[in-house]
Amino acid sequence: MDLEEQAPVTAPPPVSGRTMDRPTVFAAALLVAVGGIVYELILGTAASYLVGDSVVAFSVATGVTLFGMGLGSLLAPHLPGPSGIAFVRNELVLGLVGGASVLVLFWAYGSTSLYWPVFVLLALAIGTGIGVEIPLLVALLKEHGRDASVGLLSKVLALDYLGALLASLLFPFVLLPTLGLVRTALAVAILNVSVALFMLARMGHHPRWTWSTSSALALLVAVFAVSSGVEAVLSTRLYEDPVVAATTSRYQKLVVTDYQGDVRLYLDDQLQFSSADEARYHETLAHATLTSVAAPASVAILGGGDGLLAREVLRYPSVREVVVVDLDPAVTDLARDNRLVRDLNEGSLDDPRVTVVNADAFGWMRGTDATFDAVLVDLVDPSNERVAKLYSVEFYAAVAAHLRPGGVLATQATSTFFTPHAFWQVVATLEAGAPGRTVVPLSVNVPSFGEWGFALSLPGDGSALLTRTPLPDGLRFHDATSLGATTRLPGDLPPADAEPSTLLSPRIHTTYQGDMRHWRY
C-alpha cells in the first residue's frame with residue numbers, strides 16, 4: 001500500500017474547532033517559499049551595493065541563510081505550544097526582522113563599522129525563521145489529524161521549490177525595479193504576516209494572536225507607505241552630499257548628489273564621476289583615441305551611458321555616427337532626463353548622430369556587423385565576475401574585429417596607483433586580444449580617483465598616436481601638451497609582467513580584488 005494512502009492508527013484531536021486541510025497548507029508553503037528566497041536575494045543585493053563585491057555578498061548571504069535554515073529545521077520540533085500558533089509566531093518575527101533588514105543594514109553601514117556582523121546576524125535570523133516554516137506546516141497537518149506521510153512532505157517541498165523559482169524570477173524583473181530594496185523587504189514582510197493571519201482564520205478563534213497579527217500587519221503597511229522617505233534619509237547618510245535623485249534598476253542602484261555645483265553619480269554606492277574633475281578622465285580617453293585616427297567618422301562607446309564620453313566624441317566635426325551601448329536603460333534615461341546630468345553631457349544622447357543601444361556590450365559586439373574608426377570602452381572596474389568578461393582576451397578580440405583599417409581601440413584600465421597589477425593585466429589582455437597591434441598605456445590624475453590608467457590599441461607600430469587629427473575646441477582640461485604628457489607613466493609604476501585574463505580564467509577579478517585589499521576603501 002502506498003504510504004500516502006495509509007491511515008494513521010491514532011489521530012491527535014484538532015487543537016481548535018476547525019480542521020486544517022491540505023490546500024491551506026499548500027498555499028501557505030508556496031507563499032512563504034516566495035518570501036524566503038526573496039529575503040535571501042535582498043540580503044545579497046544589499047550587501048553587494050554596500051561592499052561592491054557580488055561574489056562575496058551573495059556567497060555569505062546564501063551560506064549563512066542556508067545554515068540558519070538548517071538550525072530552524074532542528075529547532076521547529078522544540079518550539080512551545082501548538083504548531084499552528086508556533087507558525088504564526090514565527091511569521092510575525094520573520095516579518096518584522098525581514099521587513100526591517102534593509103533599513104537596519106543600511107543604518108549599520110552608514111553609522112557604524114559593524115555592518116558585516118549585522119549582516120551575518122540578519123541572514124542567520126532570517127534563515128532560521130525560514131527553516132522553521134515547512135516542519136511546522138507539516139506538524140500542523142498532523143495535529144489536525146491529517147496524514148503526515150512521505151508523499152505529503154514531498155508535495156509540500158515541491159511547492160516550496162516552486163515558490164523559490166517564482167521568487168527568483170519576480171525579484172530581478174518585477175520587485176527590485178518597481179519597489180526597490182527597502183519596499184521589497186517590507187512587501188515580503190507584509191506577505192509573511194498576511195499568511196499568519198490567513199492561517200489563524202483557518203485554524204479558528206484565537207483573539208489574542210489575531211489582534212497581535214493584525215497590529216503587526218497595520219504597522220508594516222504604515223511603514224511601507226512612508227518607506228520612500230525613510231529610504232531617502234538612509235541613502236543621504238551614506239553620502240557626504242545631498243541626494244538629489246535615487247532609483248533602483250534591475251541591474252543596480254543609481255544615486256545623484258549635488259553640493260554647490262559638484263554633481264556626482266554613484267552606481268551601487270561606487271562613485272562614477274564628479275563634475276569637478278570628470279573632464280580629466282573623459283577628455284583623456286576620448287581625445288587620446290580620436291586624435292590617433294584620421295578624420296574619425298564612426299565611433300562606438302561601450303558603457304558610458306552617462307553621455308559624458310559621447311559629449312567629447314561629438315566635438316569632432318568629422319564624426320557622423322556614435323553608438324552608445326550601455327546595459328542599463330536606467331542610466332541612459334538618467335543621462336537624458338536628469339537636468340544636472342544632462343547639463344554636464346550637453347544633451348549628447350539626444351544628438352541626431354547618437355544611437356543608444358541598451359544591451360550587453362559583449363553580446364552586442366558579437367552580433368553586430370558594423371565597423372568603426374574607434375571603439376571606446378568605458379566600463380566600471382572589474383570588481384566582480386559579472387564585469388570581468390568585459391576585460392577578457394575574447395572581448396577585446398571581438399571588439400578589434402569591428403575596427404576599420406587604421407582604427408583604434410581604447411579602454412579605461414583602472415588606477416595606476418591603487419590597482420597597479422590590475423592595470424598591467426588590462427594592458428596584457430588588450431595585447432593578447434589584438435595581436436599585431438601596439439598597446440600604449442596612459443595615465444592622468446583625476447583627483448576624485450587618484451592616478452588613473454588607460455590603454456590604447458593602435459595599428460602597426462603605434463606611430464599614429466596623437467598625430468592623425470588635431471584636438472577640437474571646447475576642452476576644459478587638455479591641450480596638445482598635456483595630452484601628450486599622459487603617455488609618461490608615473491615613476492612609481494614600473495612595468496610588470498601579467499597574465500592575460502580570459503573568459504575561462506577571469507584573472508582580472510582576483511587581481512583587482514587583491515590590489516584593493518591593500519587599501520581601507
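This is a predicted model: local features need pLDDT of at least 70, side-chain atom pairs count only at pLDDT 80 or more; totals for chains, interfaces and linings use all residues.
Residues are numbered from 1 along each chain as its sequence is written, and side-chain values use heavy atoms, with hydrogens and water left out.

**Figure 1. The whole chain.** The chain contains 16 helices and 11 strands; helices (H or I, at least four residues) and strands (E, at least two) are DSSP runs, numbered from the N terminus. Its C-alpha trace spans about 90 × 55 × 45 Å along the principal axes. Of the 521 residues, 54% are buried, that is, under 20% relative accessible area with a 1.4 Å probe, protein chains only.

**Figure 2. The packing of helices α2 and α4.** Two packed helices are described by the angle between their axes and the distance between the axes. Helix α2 (residues 54-75) packs against helix α4 (residues 115-143) at an angle of about 40 degrees, and their axes are 6 Å apart. Axes are lines fitted to C-alpha atoms, for helices over the stretch in contact, and angles run from 0 to 180 degrees between N-to-C directions. The angle therefore makes α2 oblique to α4; angles under 35 degrees count as roughly parallel, over 145 as roughly antiparallel, 65 to 115 as roughly perpendicular and the rest as oblique.

**Figure 3. The sheet of 4 strands.** This open sheet has the order β1-β2-β3-β4 and antiparallel pairing; two strands pair if DSSP finds at least two bridges between them. At its edges lie β1 (243-248) and β4 (270-274), each pairing on one side only. From one strand to the next, the twist averages 15 degrees.

**Figure 4. Strands β2 and β3 with helix α9.** Strand β2 (residues 253-259) pairs with strand β3 (residues 262-267) in the antiparallel sense over 6 bridges. Asp-258 is placed opposite Val-263 in β3. Helix α9 (residues 329-337) lies across both β2 and β3, and runs at about 25 degrees to β2.

**Figure 5. The sheet of 7 strands.** The pairing in this open sheet is mixed, and the strand order is β7-β6-β5-β8-β9-β11-β10. The edge strands are β7 (354-357) and β10 (438-446). Strands β8 (residues 372-378) and β9 (residues 403-415) run parallel and are joined by 5 bridges. Val-375 has Leu-409 in β9 as its bridge partner.

Technical notes. Contact means heavy atoms within 4.5 Å. Buried means under 20% relative accessible area, exposed over 50%, partly exposed in between (1.4 Å probe, protein chains only).
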